[in-house]
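Take a moment with the sequence and the fold. Then follow the helices, and the loops beside them, one stop at a time.

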Amino acid sequence: MILGIDIGGSTTKIVGIKGGQIIEPLTVEAKDPVASASGALGKFLNVNKLRLENIEKVIITGVGASFISDELLGLPVEKIEEFKALGYGGLFLSGLKKAIIISMGTGTAFVKANKACIQHLGGTGVGGGTILGLSKAMVNLSSFDTIIETAKTGRPEPVDLSVGDISRNEVGNLPNTITASNFGKMTDQATKNDITRGILTMVLQVIGMMAIFAARAQKDTDIVLSGKLVNIFQAQKTFSELGNLYGVKFHVPEHAEYCTAIGAGISADLDYFILNE
């Protein structure tokens, strides 16, 4: 078995790859990258009732990978650049030959991926960190799960200005319900639930539109989403609306949250997983 580990700023994701199959993706939260990676490896072994000798190789990636030496709990460690791991993971999980791969973490990264090329196109600081920061500043909520739960009963009308608020007619191909200005309305009656809903809407719409611009620049129509934000209740609705409006398709494959860790794991045998599919 080969392990892929993605060491992020606050969470570490680990996945096993054996016989072409994905084994038990797991997440561990810890600020120290060495402790996080070691904890993730120990948890994976314990959950799957494995021993160190059952693991052939560990391949790590992510911002915390630079803190790990050539061994982890005595196992040999290889490293792969994060954007390459993201690209490989996105193609493998989606089954596509080429696509724009989006990693929605604390911030957001955009990668062009095909069999011949993995290229980092750019990114934005808007992401999960934005949701946490704005929620803390605006409604004094700092738990991500609480923020998401609070937003579920929020309404956009007291917060966001829609096209219908400023025009009696549709503007171009934009429906009246589409957002004209995030937080452009913000009435005194807006509740904590409405505000958190508005924060989620803004972050997801910014990511979605930047993904669409990236796809258009690369003459592509397939966008693969990955990262923790894919699991937000509002994500599917937002990306589906934007995809239908602008003629692109957003894909959310199984295990999308673990895309980069999976890409690290399969990089041990790209000929098998990607190049000669």
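What follows is a short walk through helices, a strand and a few loop residues.

This is a predicted model, in which local features need pLDDT of at least 70 and side-chain atom pairs count only at pLDDT 80 or more, while totals for chains, interfaces and linings use all residues. Residues are numbered from 1 along each chain as its sequence is written, and side-chain values use heavy atoms, with hydrogens and water left out. Helices (H or I, at least four residues) and strands (E, at least two) are DSSP runs, numbered from the N terminus.

Start with helix α6, residues 192-217. It has 26 residues and reaches 38 Å from its first C-alpha to its last. That is close to the 38 Å expected at 1.5 Å a residue; the expected span is 1.5 Å times one less than the number of residues. Just after α6 comes Lys 219, with a positive phi of about 55 degrees. In the loop between β11 (179-181) and α6 sits Met 186. Met 186 is not a glycine, yet its phi is positive, about 35 degrees. Its relative accessibility is 33%, so Met 186 counts as partly exposed. Here buried means under 20% relative accessible area, exposed over 50%, and partly exposed in between (1.4 Å probe, protein chains only).

Move on to helix α7, residues 233-246. Which of its residues are buried? They are Gln 234, Ala 235, Thr 238, Phe 239, Leu 242, Gly 243 and Leu 245. These residues cover an arc of only 165 degrees around the axis, which puts them on the same side of α7. The arc is that of the directions from the helix axis to the C-beta atoms. An α-helix has 3.6 residues a turn, so residues three or four places apart point the same way. The buried residues of α7 pack against β7 (98-104), α6, β12 (222-226) and β13 (249-251). The face turned away from that buried side carries the exposed residues Gln 236 and Asn 244. Gly 247 follows α7, and its phi is positive, near 70 degrees.

Next, look at a pair of helices. At what angle do helix α2 (residues 82-94) and helix α8 (residues 259-266) pack? The angle is about 95 degrees, and the axes lie 7 Å apart. Axes are lines fitted to C-alpha atoms, for helices over the stretch in contact, and angles run from 0 to 180 degrees between N-to-C directions. α2 and α8 are therefore roughly perpendicular to each other; that term covers 65 to 115 degrees. Contact means heavy atoms within 4.5 Å. Among the residues that make this contact are Ala 85 and Leu 86 of α2, and Thr 260 and Ala 264 of α8.

Strand β4 (residues 57-61) holds Thr 61. At 0% relative accessibility, Thr 61 counts as buried. Leaving out residues up to four places away in sequence, Thr 61 touches several residues, including Ile 5, Ile 80, Ala 85, Thr 260 and Ala 264.

Finish with two loops. Leu 96 lies between α2 and β7 and is buried, with a relative accessible area of 18%. Beyond its neighbours within four places in sequence, Leu 96 is in contact with Leu 91, Asp 222, Val 224 and His 251. His 255 lies in the loop between β13 and α8. His 255 has a positive phi of about 65 degrees although it is not a glycine.

How values were computed
Angles under 35 degrees count as roughly parallel, over 145 as roughly antiparallel, 65 to 115 as roughly perpendicular and the rest as oblique.
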